[in-house]
Amino acid sequence: MKLTFIGNGNMAKALIKGLVSSYEIEVLGRNKSSLDQLQKEIPSISTNILKENEDITNKNIILCVKPYSLPDLSLSGKANSLYSVLAGTTIKALNNSISSKSYIRTMPNLAASNLKSMTTITGDIELKQSAIEIFNAIGSTLWLKSEKELDIATGLAGSGPAFLALVAEGLEDGAVNAGLTRADAQTLSAGLFEGFASLLSEQKASNIKDGVMSPGGTTAAGYAILEKHNVRYAMIEAIETAFQKAIDLGKK
């Protein structure tokens with residue numbers, strides 16, 4: 001199966017790195033120098049400048065442009081399938097801009113380049129199995145029943161790596177402040193997140209917390225500080241705000 005990427009930014013590059021061993025890939029973009037660099041990094045793909053009225057007839061498109069640039073795309077013909085990673089952009093909006101037999105909305109994350117993306121998917125049911133197969137190649141997938149659910153999930157699985165990066169950076173800074181070297185703090189942080197991921201796949205977050213927190217211990221002392229500064233509430237607000245931003249993007 002051949003996949004045609006429209007756009008070659010950070011998310012597109014992560015997806016391409018994850019999918020290139022399983023699919024034939026061509027990439028269409030507007031910046032020749034960045035396309036040339038991508039071709040150099042991943043020689044097995046093909047790259048071309050996106051032409052005015054680019055013919056997408058019978059192609060399987062993975063759309064990776066910025067949401068605000070969707071109206072500027074000039075495409076002709078009818079695609080076989082369209083898989084969009086545009087945050088907040090509804091299937092109705094996609095249908096108004098690009099002709100395709102079927103439409104899918106997805107939200108992968110940057111871990112796609114390491115085959116570890118948690119990708120949420122929704123859209124036309126006839127493409128469900130195809131979409132799951134494609135995005136399972138870069139990690140795990142979760143089919144959701146509605147676009148609203150996907151917009152909520154965008155704040156968790158899509159934006160989540162940025163939120164967790166802030167957590168990791170804060171933990172590392174705390175260790176450095178207490179006396180560890182930066183290199184040792186980063187090594188410990190990476191190991192922590194890798195091990196935590198395996199725990200979280202097997203049990204609830206609350207159970208992990210209870211398993212670590214002994215009465216009057218170091219974890220309880222540190223956890224009390226996190227609650228004092230409303231870290232839990234900040235995370236809840238971050239997801240809600242990201243969700244609302246996805247809705248706002250869909251209205252533009």
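Predicted model: local features only at pLDDT ≥ 70, side-chain atom pairs only at ≥ 80, totals over all residues.
Residues are numbered from 1 along each chain as its sequence is written, and side-chain values use heavy atoms, with hydrogens and water left out.

The protein chain contains ten helices and ten strands, where helices (H or I, at least four residues) and strands (E, at least two) are DSSP runs numbered from the N terminus. Along its principal axes, the C-alpha trace spans about 65 × 40 × 30 Å. Of the 252 residues, 35% count as buried; the accessibility classes are buried for under 20% relative accessible area, exposed for over 50% and partly exposed in between, with a 1.4 Å probe and protein chains only. Among contacts (heavy atoms within 4.5 Å) between residues at least 6 apart in sequence, 39% join residues at least 24 apart.

Two helix pairs were examined. Axes are lines fitted to C-alpha atoms, for helices over the stretch in contact, and angles run from 0 to 180 degrees between N-to-C directions. Helix H5 (residues 147-158) packs against helix H10 (residues 231-251) at an angle of about 130 degrees, and their axes are 8 Å apart. H5 and H10 are therefore oblique to each other, given that angles under 35 degrees count as roughly parallel, over 145 as roughly antiparallel, 65 to 115 as roughly perpendicular and the rest as oblique. Their crossing is right-handed; a crossing is left-handed if the near helix is turned anticlockwise from the far one by less than a right angle, and right-handed if clockwise. On the H5 side, Lys 148, Asp 151, Ile 152, Gly 155 and Leu 156 take part, and they meet Ile 239, Ala 242, Phe 243 and Ala 246 of H10. The residues of this contact comprise six nonpolar, one polar and two charged, with Ala, Val, Leu, Ile, Met, Phe, Trp, Tyr, Cys and Pro counted as nonpolar, Asp, Glu, Lys and Arg as charged, and the others, Gly among them, as polar.

In the second pair, the axes of helix H6 (residues 160-178) and helix H7 (residues 182-200) come within 9 Å and cross at roughly 135 degrees. This angle makes H6 oblique to H7. The crossing of H6 and H7 is right-handed. H6 contributes Leu 164, Val 167, Ala 168, Leu 171, Glu 172, Asp 173, Ala 175 and Val 176 to the contact, while H7 contributes Arg 182, Ala 185, Gln 186, Ser 189, Leu 192 and Phe 193. By class, nine residues of the contact of H6 with H7 are nonpolar, two are polar and three are charged.

Glu 26, placed in strand S2 (residues 24-29), is buried with a relative accessible area of 7%. Its side chain forms a polar contact of 2.6 Å with that of Thr 4. Beyond four places in sequence, Glu 26 touches Lys 2, Leu 3, Thr 4, Phe 5, Ser 46, Asn 48 and Lys 59.

Ser 81 belongs to strand S7 (residues 81-84) and counts as buried at 1% relative accessibility. The side chains of Ser 81 and Asn 60 are joined by a polar contact of 2.7 Å. Leaving out residues up to four places away in sequence, Ser 81 touches Lys 59, Asn 60, Ile 61, Ser 100, Ser 102 and Leu 127.

Thr 141 is located in strand S10 (residues 139-143). Its side chain makes a polar contact of 2.9 Å with the side chain of Asn 136. With residues up to four places away in sequence excluded, Thr 141 touches Met 118, Thr 119, Ile 121, Ile 132, Phe 135 and Asn 136. The C-alpha atoms of Thr 141 and Ser 102, which lie 39 residues apart along the chain, are separated by 19 Å.

Most residues other than glycine have a negative phi. Asn 53, in the loop between strand S3 (46-49) and strand S4 (54-55), has a positive phi of about 55 degrees although it is not a glycine. Asn 53 is partly exposed, at a relative accessible area of 48%. Asn 230, in the loop between helix H9 (218-228) and H10, has a positive phi of about 60 degrees. Asn 230 is partly exposed, with a relative accessible area of 45%.

Notes:
Polar contact = N/O pair within 3.5 Å; in protein donor to acceptor, adjacent residues only side chain to side chain.
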